[in-house]
Each structure stands twice: as C-alpha cells, then as structure tokens.
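Open your viewer, and let us walk through this model one selection at a time.

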Amino acid sequence: MSRISTNTNNDEPIGSKRFHYTPLKTKPRVRKYLLYIVIVIIVVVALAIFWLWPSWYADINLQTQLYSNKANADFINVYFLNFWGTNFLFNKTALIGAFIGCIIMTIPPDKTLLTTIGTRLGFGKPSYAKSLLFWWTAGFVIFYFLGFMLDFNASTFSWVAYLIESGEMNLSPTIISDAFSVLFNSGSKDFITIYIYGNMILPIILFTLSVVIFRFILNIVKNIYLRRNDYYALANIFIAIGLVFGIWFFSTPTQALDGINLIQIWSIVIGFISFPIFGALIYFYGRSNYSRDSKNYILTIPKIKRIGSVGFLLMIILVIPLFISIGPAISINDTSVWIEQQWVKKYQREVEWTTDCAGLDMFEERTIENFSLSTTTPDEIMVSQIRQYDQNFAVQYLAASIGSTYEGLADSDIVYINNKEYWVAPKTIRFTQITGDPVQRSTELLDHVEGFLAMDTFTGELINISLISTFNITQNYPIFFGESESERYLLQTLGTTSQEGVIGAYDSDILLGTEWAGNTTNYDHRYSSQPDGTLSGLESFWKKINLGLIAYSTRPENDYLINRNVRTRVKNILLPQLSIDNDPYLVFDIERGRLYYAVSIYTNINVGSYAMYPVSRFLGICLVDVIDGQMTFYENPSLDKINDPTAPLWSIYMSNSIYDWEIDWFNDSEMDWLKDQLRYPEDLFEKQLEANYIYHVNDPNKWKSEIDFHERPKGGDLYYIESDIGEGVEYIGLDLVEYKGDSANILAGMYVVRHGDNFGDAIFYHTRDSGTSYLGPQSANQTYLTEATQEISLIAGARNGNILLYPIAGSIYYYIPTYSTSGVLQQLKLAGFIEALTRNVGYGDDAGEAYENLNITGIIGDSNLTLTYNFDIETSINYPDDPGQFTISLHNTNNTYSVTGLDVKVNLSIYTSTDLNVNYSLLVPPSLGQLENSTYVFLIDTESFTGMNFTIIDTTLFFGEGLVLNGYLVPSKGNVIVYAKWTLIVDGEIIYQSPVSIILVLQ
C-alpha cells in the first residue's frame, strides 16, 4: 500500500505532478551566468554581422572588382584556391588536418588527456562517449588550426591540392614508391613526382605520424602517471621512437643523398620497422605477465636485463649499415671511391637537376677573346656609348631638379629607348614630409604626381622632357599608380632608409569623389578613369572608418582606388610560387604617348631533392598603366614549353584561364616599342647567376678542387649597358665574376643577357682557357687608383663609380669614373680605362680624353718621313656661343734644300647620327680661301651616320717650312655627340689617321 505525502504549503500531494521544466527558473547564480552567456553570444553574433564580416569582406570585394575590371583575372580563385588556400579561415587544407587528428584520436577514443586533466581539476574520469564527443568538438577545432601547418611551405600544399582537384596534375597511387625509386635511380629526373610528393604527400605523412606520436606520448603519460605499468610505458616509448625514424625515412626522397648516405639510410629503415615491432613485443609480454598476476606491472632488474639484451641486439642490427658505410667513408679520399660514392650519386645529379630547374642551360659559353675580337663597332662609337654616370650620381642630380617640397623621387632605372640609354626616375609623393593626416593620405588631395625626370647616361645632362620627342610624354604626365620613394633617395636626402611607422607613397587606398579633388594648385590633372571598385552599405562604412575618413562614413556608396603601388597591384594577384622583380621600370609607347610600369613575373618553384635551386623561369611582364591602373600581361617570348623538362610545373601559370597573357605580341610590329625596351628581370638573373657560379662545373676533378667556382666581386651588380658582342651596339645586362676565394681577384669571366630580337639569350665569356690572367674588377680599381693617385687626391670627396667592361681596340678595358662630392652635388672629375690583360691605364676628364690618353694610335705611315705633325680639337663645345677650337701644326724638318717639297693634305672628318640632322661649318683664316668639303653617309650595325669631310690644308711644304693653323668647328645644334677624325695625306698616301675624338656639344 502506497502512501501519499502532502506539502504543507499547498493542498496538492507532492507526488501528484510530473516533473516540470521552467527556463531560467533555477538558482539565481546559475541564471545570472546563463544570462551572461546569452548576452555574449548575442554581442559576438552582432559584431560578426555588423563589423567583422563587412570590414573584412570590403577589401576582398574591392580586390575582386579591381582584378576583374582591370586585369581580367579571378581574384577569388587566386585568393581562395577553391577553398584550399589558408588565406581564409575556413578551408579544406585545415579540414584535412582536423579529420586526420580526430580519426587517430578516436580509434578507439583516447581518454588519457581528459583523465589527466580531470585528476587535476577534480571532475574525474570521462566515459568513452564523452571522450569521443570531446575529440570531435574541441579536438576537431584544435586539429583544424594545427592543419594550417600542412601549408607551411609557401602555400605549396594548398596549391598542389588545388591543381590535382582541377585536373592540372595527376596523383598516382604509387607516388610514394615512385618517389623512392627516384632516390635510388641515379638516372631519374622525375621532377613532377618529387614535387607532388614533397609538397603534398609528405606533409600529410608527417602530420599523421606526428599525431600518432602524440597519442603514444599520452599513453606513456597514462602508464606512468594515471595507472603505472612499466611494460606498457616502455612499449609506447619504443613505438614512438620508431615513428620518429619513420618521419626521417619518409623525408629522404626530398634530400640529396650521396652513396654513403644511401647505405646509411637502411639504418633508418631498420629503426622504423624494428622499434615498433620491439615495442609491440614488450607490450604483449607485459600484457601476458599482467594477465597472470595483476601485481606484475613493474620491471624488475632481471626483466630489465632480459629486455635490455634484446634491445642491445636490436641496436647492433640497427648500426650494421653504419658499419658497412665506414669502409667507403674512410677511403673517400681515394679518387675512384669519391667519384663513385659522391660525384656520380650526388654532385653530378645536383648539377643535372639544378641545371634543369634553375634554367642554367640558357648560358652559352664563349671565350673572353670572342668578346674582345668579335666587336664590329669602331672605338669612337663604343666610347660614346659608355655609361659615364652611375645610379648614385643620377639620383642626386635628378633629386636636385625636383621643384616641389611635396614631391620625391622613386627608384631610378636604366631605360633603353631609340637605341640610347637614359637614367629615368618617376616622381613620387614625398610622404616623409606628410604628417599622416587621413585627408592627405587617403583622398585626392595628394593622390598622384605629374611627370618624370631623365638624364643622359653619357653626358650627364638633364633631358628637357617637354623639348625632346624621344619619349613623346608631356612634362605634366599624371602618375596615379607608381612607387614609393627609393631607398637611395631617402638615404641621400634623409641619411637613412628607415621608414618604420611611415606609410609610403601609393601605399594607401584612395576614396574618390571628395571635395578635396581639385582643391590644390599642385596638379593639372585629377583622376577621371574607372575606379578600382565600388562599395556600399556597411562595407563602405567600415572601409571609410578604417581609412580614418569618419566625416564621409554616412555616404551610402563610394568609389575607391586600391593597390596603387604597382608592386602591390601585381603581387596581390600572384598565385603561389610566383614572384615579382623588385625593380619595376618605366616603358614608353612613343607612338601613342602612353606611359607604363613594367613589372616582371617569374617562378620560384621549390622541387627539392637534388635540385639545389628552385625552378626559375621568367614568365613575362605585367604592364600597369600609370593613369588608370589597367593591367596587361605579356608572355616572355623566349619560353620553351616543349623541350623544357620542368614545363609541367610552370606552364600551368600560362593558362589563360588564370592570367590573360598576350602570347604573340613579340612578332607584332606595333609592339616593337615594348620589345626594344623589355629587359630580363634583375632579381631572377642574379639567382640564376648564383646557381651557375657553381653548377656550371660538370667535371669531377674541377668540382673537387673548386678551381672553377665563381663569386661576385665586392660591390658587383648586374649592370644594364650598351655594348657590342659581335652584332653591333645592343642593350645587354652585364655581370662580372671572379674566381671564388682567389685573393688575387682574377677575372673568371663575364655574364651577358641579351634583349631585343635576342631576348633571353645569355652568354658566359670565360677566361679559364686563356693561358693568362685577366685583372678582376677590384684589381683594376686598385691599378687605376695607383696610376692616378695624384689627380684623385685633388678631387674633393672623391668617389669611384661602377666598374664596367667594354670591348675596345681589340681587347677589353675596364671603365671607372671618379666623381667629386660636395654636399648633395656631384661632378665627374676623372675617368679611367684599364686594359684587363696588360694593365695599361689611360685617364682624363671624361671617357673621351681617357681613351685618347691610352695612346692607341691610328694608321701611321713611313717613319722616315721628314714631316712632323700635331692635331688637336676640343672635346666640349657650348652651343651656340663657344665653338670648338682646333689646332694644326706641320713642319718639314728636311735640311736638304735640293729635295722636292712635300704635297701635304689635311682632312677633318666630322660625323654624328643621321637622325639628329646636324650640319657643320668651319671658321678658318681668310687666307685659306674656300674649303673643300663633301658629305658622306655610312652604317654601323643598323644605325645611320652622316658626316662631312673638310679638306682644311692642301699645300706644298718645302725644306724647313711649317705652319700653325687655328680654327673653329661650328655645329648647327646643341645637346648632341659629334665624332672627329684627322687624316694626313702626304704625296698621295695616307700617313696618319688619328683615333676618333668624341666632342660633346652642350647647350
């Protein structure tokens, strides 16, 4: 019989009602915490909806619009890689890590971690269900974020996964064995297998083994801390050690191993297999003992000895391959052993793999004599093409010409246009003078500069852009997309390159349509092209808040310019393993009067294994229009997509589904302007040079002795100059190298990369078989300093410029200029030529005078002639007020009065480039009467020259008779280079022809 109890506070029996749930009708403290949790959730959700998401997605939205409208590129695909890329919080790469971790930790569910924490915090031991729930909730989040580590190597995991998913690459089911077969097959060069294995399969293996090792570590903790069992703890230790060997083992296909390493690798294999097996045996041995006696879980001394003896036997087996490798290691100094074990199995493979990957087969080798003897350009032309003024001089000189306090100077570059070199530096906004006010930084108040500066590399004269048709660009050409101030400019104006905390010019985004546009007299233009993107609503609101333009935050819709720095503009649309050259340069579409930045794009694909350098290929350039920011991609015309063994790795980037490359532009005559100005990227070429310094050696003896290893001399650089390598004057990149470690600074050779019709062709002119030593650049510099010590000591703040090499007079000569420095001003005070073989030195006020002082004579006739002669002409003319004076001295020294007089004729030949349209006249004493003259035209390479030949003297000189004549050369225009040559004819035969003098006609 049941009893019903009653509640004293009401009439209903206690058991008469079922259980009722009333929300929040619990203890007041619990209700308070629940309320706090609800409020926090509401705040977080509100922040995510109204701030975090629109603030973050605003930039993504703008980038998507920018590259869709102005580059025809899919930014979403590039940025997210179909959600493989780790740029986004939610991605498939991290998801793989999460699933790997959770699966490993839940088969069966691991309780050790929660139990260990529970014993410390007092909530006890969890059930299997709770452990399973933990690993697939909190554990899933932990492993998800750890999964980002799969993409640690420059996003290569996500990129390879994306390529496999999109069908661009195939994943073989035997890829692991294929990777190891590459390691053991010395003739294999399977770059694709190693690339996929090293960048996708290996990260998964390492991540998986690491999680497994973590679980075994937890087991060790469990069997020591929670429930002691020495057998189980020791078993897990051995298994974990074996897995560490496994990590080592699976990494070996990505390493360059020699013959000895290939023997020793079997110790890793033995360790990977034997340690887990030994651990498993200990586990089952301990389990057997424990099942018979639950107190038998402690290792006693006899059992330790028994297990130790087995472990010792295991260690002996483990080191057997190491013992086997001792023999070859001891005899490695033997030539045959070294060649077999190290050269054939490692270094030769490094040479072959690195040559293919770094593209070193681009270098054609020639002797240095080929460079000096193959030139077809007369010395006078070659000397006039010399780069007398270096970049440091150009930066100071051009910076002094800036006429505004808010303008600075971007990086100065060599520009080759109309067969002539110029130092060209675009102006930029001088942000070091700006306080950082948001209006100055992010509105149209200071959103661009107008114009650029240019200097002749030979004369050092500033080019008046508005008066010269070379560039066909107006003086006030607007640059809305450009570069920040150059480091050289900052160093010379501020004394430091540090810009910490200071945003650079063109680095800030611009809000268009504010009233600040046109409120300044600094500009003639304002931005009127298509915006990069448009935002509205919350995205636009937070974008303006982030820019600091709070006053404009209530406007519903706004237009923006973003990524205005041309490097950022191109870099933000690059796929993984692509790089840009850090030295963008200006190019000029002369016919259309348009100005662009050229940004070079090249690959940096790390293969690993025996490839000591990444796959380096110049893919092409992106032209950025400085007015509207439009981007156009032009493919490198020298790419070899058929015969290049690495093409499957980089040809993916040439797909028009990724970038809209212009392919056949190089053969389009309308694009000749770009073809002539295109240059090989400096950063890429220097990487390839660094590889070729060593990996051009394919002889084991030379490799071992290192006698043909190279290095760049101190202060060396890649110089873009005009020179002649056998086909007339052309635009080349030049880099000098010395023998590595040679204290004598001996020239090892020179690297040349060609442009124009021969774009991408590279030549290494070597000295290895010359039978004599050529001066290196530093030795040439010391020779010059020694010979001209007195003259240089008189130059205030003397500074030597770039050391360049030119073919002159059938040999090679270093050219070294010396500048005086006074404050921020510099002047060319001295120049020297140093013959690389004989150390012959000639120096003077400029290249022309230095060449004359080399005493390289012209044609000299009969040495028994009784006529003495001297000819001189000024090498500098100021047009039109100061013509060039010349002097002729002749003397018949014959003392025999009965000898017939000498019929003497003196010709002065004057010429310059035909397209300059220069005419000449001579002013001579009236007694000479009318001078004879004739006009002639000739070609050097493809360039036409027009000259006039003046017969100044045509007379007979008898014994003891002589004359001295002074006259003047008058050109018809200034800012040109004129060449002059004397010819002496006696009795109808040419007796003497002078070297050609270079005359600078200044204005």
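Helices (H or I, at least four residues) and strands (E, at least two) are DSSP runs, numbered from the N terminus. Residues are numbered from 1 along each chain as its sequence is written. The model is predicted, so local features need pLDDT of at least 70 and side-chain atom pairs count only at pLDDT 80 or more, while totals for chains, interfaces and linings use all residues; side-chain values use heavy atoms, with hydrogens and water left out.

**Stop 1**

Select Asn418, in the loop between β3 (413-417) and β4 (420-429). Its phi is near 55 degrees, a positive value in a residue other than glycine. Is Asn418 buried or exposed? With a relative accessibility of 52%, Asn418 counts as exposed; the cut-offs are under 20% relative accessible area for buried, over 50% for exposed, and partly exposed in between, using a 1.4 Å probe and protein chains only.

Now go to Tyr506, in the loop between α18 (487-494) and β8. Tyr506 also has a positive phi, near 70 degrees, and is not a glycine. Here the relative accessible area is 1%, so Tyr506 is buried.

**Stop 2: strands around β10**

Two strands are called paired if DSSP finds at least two bridges between them. Leu511 has Tyr560 of β10 as its bridge partner.

Next, show strand β9 (residues 533-536), where Gly533 and Leu535 make up a covered face, and Thr534 and Ser536 an uncovered one. Four bridges pair β9 with strand β10 (residues 557-561) in the antiparallel sense. Look across from Gly533 and you will find Tyr560; across from Ser536 is Glu557.

**Stop 3: the nonpolar cores**

A nonpolar core is a set of buried Ala, Val, Leu, Ile, Met, Phe, Trp, Tyr and Cys residues joined through side-chain atoms within 4.5 Å. Which residues have the most contacts inside the largest core? They are Phe471 and Phe588, in a core of 139 residues. Helix α9 (residues 191-226) gives the largest share of this core, with 15 residues.

Display the surroundings of Phe471: leaving aside residues up to four places away in sequence, Phe471 touches Ile417, Tyr422, Val424, Phe452, Ala454, Ile463, Ile465, Phe588 and Ile590. Contact here means heavy atoms within 4.5 Å. Another core, of 67 residues, lies apart from the largest one, and Val337, Leu409, Trp423 and Trp703 are among its members.

**Stop 4: packed helices**

Select helix α8 (residues 175-184) together with α9: their axes come within 10 Å and cross at roughly 125 degrees. Axes are lines fitted to C-alpha atoms, for helices over the stretch in contact, and angles run from 0 to 180 degrees between N-to-C directions. This angle makes α8 oblique to α9. On the α8 side the contact includes Ile175, Ile176 and Phe180, and on the α9 side Tyr197, Ile201 and Ile205.

For another pair, pick helix α10 (residues 230-251) and helix α11 (residues 259-292), which pack at about 165 degrees with axes 7 Å apart. α10 and α11 are therefore roughly antiparallel; angles under 35 degrees count as roughly parallel, over 145 as roughly antiparallel, 65 to 115 as roughly perpendicular and the rest as oblique.

**Stop 5**

Ile792 sits in helix α26 (residues 789-793) and is buried, at 13% relative accessible area. Among the residues that Ile792 touches are Tyr784, Leu830 and Thr818. The C-alpha atoms of Ile792 and Thr818 are 7.8 Å apart, although 26 residues separate the two along the chain.

**Stop 6: an open sheet**

Finish with the four strands of an open antiparallel sheet, in the order β27-β29-β34-β31. β27 (867-873) and β31 (920-923) are at the edges with a single partner strand each, so one side of each has no neighbour in the sheet. From one strand to the next, the twist averages 20 degrees. Seven bridges link β27 to strand β29 (residues 884-892), with Ser889 as the bridge partner of Asn870.
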